Amino acid sequence: MVTKAREKIIVANVPVSPDHYIGGQRISSTKSFTVISPIDESVLGEVAAGGAEEVDAAVRAALKAYPEWAALGPKGRGVYLRRFADVLESRVEELAAVETMSNGSLLESGRKRVMKRAALNIRFFAEWAENLKGKTWESNGTQYSVHYQPSGVSALITPWNAPLMLTTWKVGPALAAGNTVVVKPPEWAPFTCSLLADCAEEAGLPAGVLNIVQGIGEEAGAALTGHPGISRISFTGSVETGRIIGKVAADRIVPASMELGGKSPLIVFADSDFEAAVRTTIGQYDNAGQVCLAGTRILVEQSIADRFLAAMTEAAKKIVLGDPRNEETDVGPLITREHMNKVEGFVERAKAQGARLLYGGNVSEQLGGLYFEPTLFTDVPEHAEILKEEVFGPVLTFQTFSTEEEAIQMANNTEYGLAATIFTGNEARAKRVGSAITAGTVWINTFFARDLSAPFGGSKKSGIGREGGDWSFDFFCDIVTLAHKTDSFNS
């Protein structure tokens, strides 16, 4: 670890520190890693690569700051967190530009929705904590009351597809609960998390409340989840990494919340709003398919299948694949060359296993680089890998069903259970099918509707635990039950 900070990197005309943020200071490292923009595969800069030493310093800083931060109470912490949200809102343009350069997400989406959501996450959970009231009840002459206590230092590990928004989804409730945090940002897109530290400092958060250690998962991430000073682990990422973290958490008896991959169905019944269903289906190519919630398995009732497939094909022709900084672009690049090779491998194996490629399936001839065409497979054999494993790219499969029972069976025929989407004009059917599908969230005649007070998480291989509203505080807090004999006090 090196205490002297390095010069800032200019990303999208915004100065960004390449260093860690520990105990309110920028601290560098002797090792570094290279960050490349998916837009043109240009080098954005060298970022400090932390390991056990940097993680230990960050956890010690968080432990030092914890008692005073916890003692502030929800209202005291809320003053800081509202200022934090205000600063994030004031820097939406910069944050959106930097994130687009880092991970290739659409700039307009970042400006209008994603970066604003980051500020909302902080403000929402600050307000929720202030109004959080545990249950009180009486039973058999004893009165019970539930109280929420901060749990200590939270380790937060976040993904690259929406790094700032998903980091604040964890930082917001953890800090509002009274915990201090150590964040390990994604190595493929770390810059907006670095700017998050600048925003926290500008808002006046006490030193050590928010700490950020840049680094590779196998080094910084492993050191963080295994550190004895950590009281909670919240992770969003792959199933493979989730297994590793789960073993570490189990060995240390540390509560872990994990939102992992998805292979979600999108079910379209013949009585649905046809045009809305087509629009939503084509929308699954958003962010080049690098969305854990995406409905990648399209299941359409047989009676409208040909019409729906034709409409999808026509709509796909209108998708603009290109530079995510341009307003007319609908789909940008994949994140890295390594990830694109993985997506190409899925496509080639699907063809080899007998699936029929209807459109796409290649790197764009015009754009080259990391720009992969929106892709659709039909006539997919039941055993095909493309139906079973998460691609995390712009690749969908198309299948048909004849009955509700068949649709439910097909929807549940996966080891994942993050989300599902249903289109139908029949309310009773919507409730029947929605209740029969195993998934953390089931959307009906809509997609990606998210209320921060609702529970969010995955079933089966898609994760452990729920966060959002009270569920976030159930996780980030220690829940204490006080029980006393009724009328046992003199005053």
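Predicted model: local features only at pLDDT ≥ 70, side-chain atom pairs only at ≥ 80, totals over all residues.
When the lining of the second largest pocket is divided by class, 9 residues are nonpolar, 2 are polar and 2 are charged.

The largest pocket holds about 1200 Å³ of space and is lined by 37 residues. Nearest to the centre of this largest pocket lie Trp160, Phe235, Gly237, Ser238 and Thr241. Among the contributors to the largest pocket, helix α8 provides the largest share, which amounts to 6 residues. The lining of the largest pocket comprises, by class, 17 nonpolar, 11 polar and 9 charged residues.

Attention may next be given to the packing of two helices. The axes of helix α3 (residues 92-103) and helix α6 (residues 191-202) come within 8 Å of one another and cross at roughly 155°. Because angles over 145 degrees count as roughly antiparallel, α3 is described as roughly antiparallel to α6. On the α3 side, the residues in contact are Leu95, Val98, Glu99 and Ser102, and these meet Phe191, Thr192 and Leu195 in α6. Taken by class, the contact of α3 with α6 contains 4 nonpolar, 2 polar and 1 charged residues.

A further feature of the model is an open sheet of 3 strands, which are arranged in the order β7-β8-β24 with antiparallel pairing. In general, the strands of a sheet pair through backbone hydrogen bonds, and such pairing may be either parallel or antiparallel. The edges of this sheet are formed by β7 (136-139) and β24 (477-485), each of which has a single partner strand, so that one side of each is left without a neighbour in the sheet. From one strand to the next, the twist averages 25°. Strand β7 is joined by 4 bridges to strand β8 (residues 142-150), and the two strands run antiparallel. Within this pairing, Ser139 stands opposite Thr142, a residue of β8.

Definitions and conventions
Residues numbered from 1 in each chain as written. Heavy atoms only, no water. Pairing = 2+ DSSP bridges. Axes fitted to C-alpha atoms, helices over the stretch in contact; angles between N-to-C directions. Parallel < 35°, antiparallel > 145°, perpendicular 65-115°, else oblique. Contact = heavy atoms within 4.5 Å. Nonpolar A, V, L, I, M, F, W, Y, C, P; charged D, E, K, R; others polar. 1 Å grid on protein atoms, 1.4 Å probe; cavity = no way out; pocket = protein on both sides within 12 Å on 5 of 7 lines; lining within 4 Å. Points joined across faces, edges and corners; volume = space filled by probe spheres on them.
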